Amino acid sequence: MIRAGGLVALLLAALVSTAAAEPALPLPIAVGGECRLMVSCPWSGPLGAHFRLHLLVWLPQDGDPRPRSVLPFAALSASLWRWAEAGATFGARGGATTDGSPAFLQLPIKIWARVSPFAPAEGLGVAAEVRYDVGRAPFDAAGTVYGDTESYALLVGYRKAAVDANISLTYQEAGARSYRGLEAGGALWLHVFRPMGLQLGLEAIGRFGSPAERTGLQPTWTVAFGVRSADDTGVSGGPSYLFGGGPGVPAHGPLLTFGLSFGPEYRLPAPSL
């Protein structure tokens, strides 16, 4: 009886270890000069170049070997008269571990492009976006993220006066098509004080996929709410807080964003006297 109980315990431990070792999709991070926290939006910027910085403090779910870690993301993109935008995002994760795994992880490089001829600066906007996350070693976060992830998104949004809202529907493949699933997201931002460019917002993303080695869908969800300031000089940013559940996302954590945009349509700040 003791031997049988020990055998069952070993089998359960092996199953838990296998589940923990399964790779996850990359963390959702918004791309481009006009989008904000996590959800892709249909708007490309005017003629210009954009730099975005995201800093997330990852407070883990149960079973994560890192009790706390920090994830910086740096993104560059270029936009063409609101018709198109393309760029790349680079990320890393650092934090002490309890199981001897590496303390510093390089995250996948995200390469993306958006075509948005039907997304003017105001009103209804429709666009298509393609994202490819290159997660081959050493950019696979020590095997915890799929080696490659392809995302094909349809983006719809509306912005006018005090309201800025958009939704996304995305088909995703990862791990040489060993994973297939859908991602749906939505964002709502309200302009609460236009003289300062102050905005309040809420964003949510849900993922539903089926890894080849499992039956049934594997859901993941992430919700973030925050405050943001943006003006016509091209400077933007603000604090937010994120909650999540499922593989590859934190239980919760603060997220800071900062952005700079350069181009003929961005007003230069007045010189100080």
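Biologist: Let's start with W81. Is W81 buried or exposed?
Modeller: W81 counts as exposed, because its relative accessibility is 55% and the cut-off for exposed is over 50%. Keep in mind that this is a predicted model.

Biologist: Okay, and where is W81 found?
Modeller: W81 is in the loop between β2 and β3 (84-94). Its phi is positive, about 50 degrees, although W81 is not a glycine.

Biologist: Which other non-glycine residue has a positive phi?
Modeller: A161 is one, with phi near 55 degrees. A161 lies in the loop between β7 and β8 (163-174).

Biologist: Back to β2, then. What about S77, buried or exposed?
Modeller: S77, which is part of strand β2 (residues 69-80), is buried, because its relative accessible area is 10% and buried means under 20%.

Biologist: What does the side chain of S77 make a polar contact with?
Modeller: With the side chain of E85, at 2.8 Å. Beyond its neighbours within four places in sequence, S77 also touches several other residues, including G48, H50 and W112.

Biologist: New topic: which residues make the nonpolar surface patch?
Modeller: V163, L188, L190, V192, F193, M196, L200 and V227 make a patch of about 650 Å². Strand β9 (residues 179-193) gives the largest share, 4 residues. M196 sits in the loop between β9 and β10 (198-211) and is exposed, with a relative accessible area of 54%.

Biologist: Last one: which peptide bond is cis?
Modeller: The bond from A137 to P138 is cis, with omega near 10 degrees. You'll find P138 in the loop between β6 (123-134) and β7 (148-160).

Methods:
Residues are numbered from 1 along each chain as its sequence is written. This is a predicted model: local features need pLDDT of at least 70, side-chain atom pairs count only at pLDDT 80 or more; totals for chains, interfaces and linings use all residues. Side-chain values use heavy atoms; hydrogens and water are left out. Helices (H or I, at least four residues) and strands (E, at least two) are DSSP runs, numbered from the N terminus. Buried means under 20% relative accessible area, exposed over 50%, partly exposed in between (1.4 Å probe, protein chains only). A polar contact is a pair of N or O atoms within 3.5 Å; within protein, one must be able to donate a hydrogen and the other to accept it, and residues adjacent in sequence count only if both atoms are side-chain atoms. Contact means heavy atoms within 4.5 Å. Patches are made of residues with over 30% relative accessible area and no salt bridge: like charges are joined within 9 Å, nonpolar side chains (Val, Leu, Ile, Met, Phe, Trp, Tyr) within 5 Å. Accessible areas come from the Shrake-Rupley method with a 1.4 Å probe; for residues, only the protein chains shown count as cover. A salt bridge is a side-chain nitrogen of Lys or Arg within 4 Å of a carboxyl oxygen of Asp or Glu.
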